[in-house]
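I opened this notebook to keep a record of what I looked up, entry by entry, for a reader new to the structure.

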Amino acid sequence: MGRIGKEVAGQVISFIGLVGVSVTCGIPMWRVTTYIGANITTAQIVWDGLWMNCVMQSTGQMQCRLNNAIMTMTRDLQAAQALVIISILFGFIGFMITFIGVKCTSCLKNDSSKANVVIIGGCLIIVSAILVLIPASWSAAVTITDFQNPLTIETQKREIGASIYIGWGATVFLLIGGIILTTSCPPQKPMYGYPGNQPAPMYPYAGPRPNPATYAPVYAPPSSQSYTGTGTYIPNKPYAAQPTYTARQYL
């Protein structure tokens, strides 16, 4: 039950991280720019994402435009598009592989094979976490550098958006879930003398067997040598008769 609970916990945590990566990829909040003009009516918020840019006016109106030209984007966002998509693929494949090898399923018969499949799925989830961590940290570093650059115009200074924070949180969940799944190892030593926790072999009962220790009379052929009676049954020392005793000797 301990191994099953650990594997289920790793799957749940990995699923939460996978959802976080999907949200990071979808919402256009990698960078946020707040611009306030001469009055409040000219204020607007600009959101930069991987696939679209959105502008929200102070009146509540929002306009979004798809990023049709990839070359117009910055290098960190260009790399983030590829890395985040690959991260989602690795995480999804690893998450589905773990269902094949968990102990509570019957897809594989051998416990050692199940554990190896779960370990492979956990490794893929860890790779997914690294792939989403790289673009999130890279984009955050570029955003902070541009914001602190004195040559950057005030209206072009951007701040870190919610997508990067969600990406960092998803990385933590994926790392924890992947590490939990990779620790699902089978016992190294065979239990009860049989590898892979396999049951002991059953042997059919053949019934009572004759006792091999029974002895039968053995026929020996007579000796060809003639018998010579050299022995004697007369005792070597003759026995003397016990002397008679009279009653006077004891008085």
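I began with W168, which is partly exposed because its relative accessible area is 27%; here buried means under 20% relative accessible area, exposed over 50%, and partly exposed in between, with a 1.4 Å probe and protein chains only. Before going further I noted that this is a predicted model, in which local features need pLDDT of at least 70 and side-chain atom pairs count only at pLDDT 80 or more, while totals for chains, interfaces and linings use all residues. I also noted that residues are numbered from 1 along each chain as its sequence is written, and that side-chain values use heavy atoms, with hydrogens and water left out.

Next I looked up the ring partner of W168, and found that Y165 and W168 form an edge-to-face aromatic pair, 5.7 Å centre to centre with 85° between the planes. For such pairs, rings of Phe, Tyr and Trp (its six-membered ring) must have centres within 6.5 Å, and planes under 30 degrees apart count as stacked, over 60 as edge-to-face and the rest as tilted. Y165 and W168 are three residues apart in helix 4 (residues 162-182), so about one helical turn separates them; helices are DSSP runs of H or I with at least four residues, strands are runs of E with at least two, and both are numbered from the N terminus. Y165 is partly exposed, with a relative accessible area of 49%.

I then asked how many aromatic pairs the count comes to, and it comes to three. In one of these, the ring centres of F95 and F99 are 5.1 Å apart and the planes stand at 90°, so the pair is edge-to-face. Both residues lie in helix 2, four residues apart, about one turn of the helix. F95 counts as buried because its relative accessibility is 11%, whereas F99, at 37%, counts as partly exposed. Ring pairs also link F15 with F95 and F99 into a cluster.

Turning to helix packing, I found that the axes of helix 2 (residues 75-101) and helix 3 (residues 111-148) come within 8 Å and cross at roughly 160°, the axes being lines fitted to C-alpha atoms over the stretch in contact, with angles from 0 to 180 degrees between N-to-C directions. The two helices are therefore roughly antiparallel to each other, a term for angles over 145 degrees, where under 35 is roughly parallel, 65 to 115 roughly perpendicular and the rest oblique.

Last, I looked at strand 2 (residues 44-48) and strand 3 (residues 52-57), which run antiparallel and are joined by five bridges; two strands pair if DSSP finds at least two bridges between them. A hairpin of three residues joins strand 2 to strand 3, and I45 has M56 in strand 3 as its bridge partner.
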